[in-house]
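Reader: Hi! Could you walk me through this one?
Author: Happy to, here it comes.

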Amino acid sequence: MIEDWIVITCGVIVIVAAIAVAVLKLRSAERKMHESMHKFKIYSDLLNAITELNLAGGDPYKMDVAKKNLALTLNRLNLVGSTGVLRSTNNLLDFLNEYKDKDYDTLRLHNILNRLVIEARRDINPEHARKIEESQVRFRFFAPPRNRVQAQPPEKQG
């Protein structure tokens, strides 16, 4: 009789332990998914802020808004970004400061942005990032030359 109770008690303890472990793993996975979604939002905000900076062109108002948006995004990025993303962002900011108000090397900017995207992908989903890296995909970005007067269409010329 006592042996039966020992077996039943041990069985209940094993079942409770298995359920506890499963709940902990589910919570851990949920937390990681939430963190990844939050990081994805901040990383995409960073890329959008860079695009806004590129689109501002010579418009001082748009440039001020774009710089403010970039600064606010960088503040959030500093709190959650991985080491690789933060290094890539530092390289990007160094590049932007180096070519402030001058034409810049678009290829170099694209290389920096590609490295930034690769690091963000590694942080969010390492397995998928590895597959993308192995395929040697180059990401495309919009980066018009700065300080160049765009030719107006013939109907708009005086």
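Author: Let's begin with glutamate 119, which sits in helix α4; helices here are DSSP runs of H or I with at least four residues, strands are E runs of at least two, and both are numbered from the N terminus. This is a predicted model, where local features need pLDDT of at least 70, side-chain atom pairs count only at pLDDT 80 or more, and totals for chains, interfaces and linings use all residues. Residues are numbered from 1 along each chain as its sequence is written, and side-chain values use heavy atoms, with hydrogens and water left out.
Reader: Thanks! Is glutamate 119 buried or exposed?
Author: Glutamate 119 counts as buried because its relative accessibility is 13%. The cut-offs are under 20% relative accessible area for buried, over 50% for exposed and partly exposed in between, with a 1.4 Å probe and protein chains only.
Reader: And what does glutamate 119 touch?
Author: Setting aside residues up to four places away in sequence, glutamate 119 touches Ser82, Gly84, Val85 and Ser88. Contact means heavy atoms within 4.5 Å.
Reader: Which other residues of α4 are buried?
Author: Besides Glu119, the buried residues of α4 include Leu109, Ile112, Leu113, Leu116 and Val117. The buried residues of α4 pack against α1 (2-56), α3 and α5 (126-135).
Reader: How far does α4 reach?
Author: Helix α4 covers residues 106-124 and spans 27 Å from its first C-alpha to its last, close to the 27 Å expected for its 19 residues. That expected span is 1.5 Å times one less than the number of residues.
Reader: Switching to arginine 87, where is that?
Author: Arginine 87 is in helix α3, residues 83-98. Arginine 87 counts as exposed because its relative accessibility is 56%.
Reader: What about the largest nonpolar core, which residues touch the most other members?
Author: In that core of 23 residues, they are Leu46, Ile50, Leu70, Leu77, Leu92 and Phe95. The elements giving two or more residues to this core are α1, α2 (60-80), α3 and α4, and α1 gives the most, with seven. A nonpolar core is a set of buried Ala, Val, Leu, Ile, Met, Phe, Trp, Tyr and Cys residues joined through side-chain atoms within 4.5 Å.
Reader: Nice. What is leucine 92 in contact with?
Author: Leaving out neighbours within four places in sequence, leucine 92 contacts Ile50, Leu109, Ile112 and Leu113.
Reader: Last one: how many helices and strands are there?
Author: Five helices and zero strands.
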